[in-house]
Amino acid sequence: MAPVLGRRFGMRDCFRSPPPSMLLEVLPAPLLDFGSWYMSSLNVYPIQTKILTAAALAMTGDLIAQSVEPGQYDSKRGLSFGLFDAIYRGGFQHFLFPIINDAFHGTLLLQLVPTGDVALLAALERTVANQLVVVPLVYYPLFFSLTGIVQGLTVDETYARGKEKFFPLIQRNLQFWLPVQIIQFEFVPEELQVTWVAAFGLVWKIILSTIAGNAKADIACASDAEECLLHSAATVACATDAESKILKN
């Protein structure tokens, strides 16, 4: 009985990933200096480094997405992506992930699967908490509010757009982010978790851009439903069609 109790109510460190310094040992020589500099930055200026990382990766992802679209680069849209990711991914998640890591240790799922791997069960609990609670209650309300302000929409218009696109976005969000965050919460050190999701945020935008780019009629609507929301109000009408085609693929 004691081993079971120990697994269920062990110290927090039992469920933590290896320290980020260990990751430097597997980096190839050309990246070792950059990795050392980045880890030093995280240690000295953690939130500032995460905010800048999230903003830079978001703007890079949008730049790549815009490169397959007709027309000139929309700097306002790029800055909007950078601002949103700086606030949410870099700032908010800097405080969110330690709270989630502290709150969930696999003990709930362990009652259903007594022989399950505790680290995996903890990762599953944390992922569910983030994807089914934080994302719908914080991420998308903040996103729709910010993009509504950027586009100069009224409160009613912002609410209508959010209501129309909320569930399709949640479905696509889960398809991509569930495996990404299970890996994050089981294997990625807490200090690098914001960097991890910011990097995959860039990948997410590129993937969606490629999918939408296969249908030329939809490119003007942008690759991502989120990108559509950052376009002028005149292009919003095509967002639903573009998204429905992406969801069918």
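Visitor: Is K165 buried or exposed?

Guide: This is a predicted model, so every value here is computed from it. K165 has 2% relative accessibility, so K165 counts as buried. The cut-off for buried is under 20%.

Visitor: Which residue meets the side chain of K165 in a salt bridge?

Guide: Start with the general idea. Side chains of opposite charge can pair when their charged atoms come close. Here the partner is E164, at 3.6 Å, N to O. E164 has 43% relative accessibility, so E164 counts as partly exposed.

Visitor: How many salt bridges does the structure hold?

Guide: Two. One of them joins the side chains of D85 and R89, at 2.9 Å, N to O.

Visitor: Where do D85 and R89 lie?

Guide: Both are in helix α4, residues 75–103. They sit four residues apart, about one turn of the helix. D85 counts as buried because its relative accessibility is 3%. R89 counts as buried because its value is 6%.

Visitor: Now the nonpolar core. Which residues touch the most other members of the largest one?

Guide: Look for buried nonpolar side chains joined by contacts. The largest core has 22 residues, and F84, F97, Y139, Y140 and W177 touch the most other members. Helices α4, α6 (118–151), α7 (155–187) and α8 (193–213) each supply at least two residues of this core. The largest share, eight residues, comes from α6.

Visitor: What is W177 in contact with, leaving aside its neighbours within four places in sequence?

Guide: R89, Q131, V197, F200, G201 and W204. R89 is also the salt-bridge partner of D85. There is a second, separate core of five residues, including M39, L42, V188 and L192.

Visitor: On to the rings. How many aromatic pairs are there?

Guide: The count comes to 18. F34 and W37 are tilted, with centres 5.7 Å apart and 40° between the planes. Both lie in helix α2 (residues 29–44), three residues apart.

Visitor: What are the distance and angle for Y88 and Y139?

Guide: Their centres are 4.8 Å apart and their planes stand at 75°, so the pair is edge-to-face. Y88 in helix α4 and Y139 in helix α6 are 51 residues apart, and the pair links distant parts of the chain. Y88 is buried, with a relative accessible area of 1%. Y139 is buried too, at 5%.

Visitor: Which aromatic cluster includes Y88 and Y139?

Guide: The one formed by F84, Y88, F92, Y139, Y140, F143, F144, F166 and F167.

Note on methods
Residues are numbered from 1 along each chain as its sequence is written. This is a predicted model: local features need pLDDT of at least 70, side-chain atom pairs count only at pLDDT 80 or more; totals for chains, interfaces and linings use all residues. Side-chain values use heavy atoms; hydrogens and water are left out. A salt bridge is a side-chain nitrogen of Lys or Arg within 4 Å of a carboxyl oxygen of Asp or Glu. Buried means under 20% relative accessible area, exposed over 50%, partly exposed in between (1.4 Å probe, protein chains only). A nonpolar core is a set of buried Ala, Val, Leu, Ile, Met, Phe, Trp, Tyr and Cys residues joined through side-chain atoms within 4.5 Å. Contact means heavy atoms within 4.5 Å. Rings of Phe, Tyr and Trp (its six-membered ring) pair if their centres lie within 6.5 Å; planes under 30 degrees apart count as stacked, over 60 as edge-to-face and the rest as tilted.
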